[in-house]
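Dear colleague,

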Amino acid sequence: MTFYIIGIGNKTPQFTSEQLEYIESTTVFSGGKRHYELVKTQLPQNHRWIFITSPMAKVFDAYEKEQEPIVVFASGNPLFYGFSNTLKNKYSKSRIITTPYFSSIQLLANATNTNSNQLETVSVHGRSWSALDTVLIQQRELIGVLTDTEKNPAVIAQRMLEYGYTNYEISIGEDIEGTQERFYELTLAEASKKVFHSLNCILLKKKFHRSIDFGIADTDFVGLPGRPKMITKMPIRLTTLNLLEILKINTLWDIGFCTGSISIEAKLKNAALEVIAFEKRAECEAILLENQKRFGVPGIQAVMGDFFEQDLRQYPKPDAIFIGGHGGRLEELFTKIKPFLHPETSIVINAVKESSIRQFKEGCASIGYVILEEIVMTIDTHNPIRLLKAKNSNHKR
């Protein structure tokens, strides 16, 4: 198949000679309802239009029945979170030629006279918060965000305020190039209270850098009521993150997260890290969330309830596992996690009791793991803590 993909704005387009050649070469066209209204008067009288709408399988079926080239009209730059990429993924062997227009983010930056040298753009349009969470934790200087009706500017501003990102201002473009075009430059608090046109995009501009210590003081975390010392101490926490190779991995399972100190510091060090945090004590869910907001760390998935009763198949397989709690059931824990390990998954535990150290080593042996590192640390007057790291005996060193 041959696809000619033409990027257009929010007004009747003025086609180039190249684009007119594409239009004149076929009678088959495609795009959304809005695109059709913008271009229908410029199409051949005998044209046929394939509307791009859910489910996409029907759209693809219609494409595959055509013998002629298909001209597709798409918003902005179709190679920028756009339909060209969708077609390239679906029809990798097809001929796909794209002539782009400005993206909505480019138009917003131009309209607000914004220096976009450091611009980094993410999309939450029909997607999770993950990409936006990552660049916020990294505190990028200038962030462009493609929104949708649910993750709209007000909701984004509310979420940023919730996690303490008051160091950003927000610019919003509504219905850019349309009849209701309007631009705003607001504080997050102002944006959080407004209702915006459904067609919009935003720029987040950093005013100052929010400082978070490299190694958060234990007393800065919200702890368990009546048990303020029940937290992985900061020097041990940082050593644990090193053993977990936190900068090199994509997915961490934190089993027995308690206050969430390991999960939070892990994601601060590697903002793109996917963290699945498990905890049995119901009161820890609110503690984790409060600590996430305190240190600006959205995007940790808390799984509450008995770990041994969880269906682990619904979570991505871990590159590293930290065992922060096991309820005296280490042998059973190894049996539980074994099907979800891949050849390079590492397992780390911090243990005080000799029985836990012994059971960890026995559990590792039962699944073909070997101890790679064993470190003993003593903090102040506390009992010595042994940090152990294990990997599959066949792993590549």
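How many bridges join strand S2 to strand S4, and in which sense do the two strands run? In this predicted model, strand S2 (residues 28-31) and strand S4 (residues 70-75) run parallel and are joined by three bridges. Ser30 stands opposite Val72 of S4.

S2 also pairs with S3, again in the parallel sense, over four bridges. Here Val28 is the residue that stands opposite Arg48 in S3.

In a regular strand, side chains alternate between the two faces of the sheet. In S2, Val28 and Ser30 point one way, while Phe29 and Gly31 point the other way. All of these residues are buried.

These pairings belong to an open sheet of five strands, ordered S3-S2-S4-S1-S5 and paired in parallel. Its edge strands are S3 (48-51) and S5 (95-99), each of which pairs on one side only. From one strand to the next, the twist averages 25°.

Turning to the helices, H1 (residues 17-24) lies across S1 (2-8), S2, S4 and S5, and it runs at about 140° to S5. Helix H3 (residues 56-64) also packs on the sheet, where it touches S1, S2, S3 and S4. The direction of H3 makes about 150° with that of S3.

Two packed helices are described by the angle between their axes and the distance between the axes. For H3 and helix H4 (residues 83-90), the axes come within 13 Å and cross at roughly 70°. H3 is therefore roughly perpendicular to H4. H3 contributes Met56, Phe60, Tyr63 and Glu64 to the contact, and H4 contributes Phe83, Thr86, Leu87 and Lys90. By class, five of these residues are nonpolar, one is polar and two are charged.

Finally, I looked at the nonpolar cores. The largest has 58 residues, and those with the most contacts inside it are Leu132, Ile143, Val145, Leu204 and Leu252. Leaving aside neighbours within four places in sequence, Leu204 is in contact with residues including Leu132, Leu136, Ile143, Val145, Met160 and Tyr168. Glu141 and Glu169 are also among the contacts of Leu204. Another core, of 27 residues, lies apart from the largest one. Among its members are Phe307, Tyr315, Phe334 and Ile367.

With kind regards

How values were computed
Residues are numbered from 1 along each chain as its sequence is written. This is a predicted model: local features need pLDDT of at least 70, side-chain atom pairs count only at pLDDT 80 or more; totals for chains, interfaces and linings use all residues. Side-chain values use heavy atoms; hydrogens and water are left out. Two strands pair if DSSP finds at least two bridges between them. Axes are lines fitted to C-alpha atoms, for helices over the stretch in contact, and angles run from 0 to 180 degrees between N-to-C directions. Contact means heavy atoms within 4.5 Å. Angles under 35 degrees count as roughly parallel, over 145 as roughly antiparallel, 65 to 115 as roughly perpendicular and the rest as oblique. Ala, Val, Leu, Ile, Met, Phe, Trp, Tyr, Cys and Pro count as nonpolar, Asp, Glu, Lys and Arg as charged, and the others, Gly among them, as polar. A nonpolar core is a set of buried Ala, Val, Leu, Ile, Met, Phe, Trp, Tyr and Cys residues joined through side-chain atoms within 4.5 Å. Buried means under 20% relative accessible area, exposed over 50%, partly exposed in between (1.4 Å probe, protein chains only).
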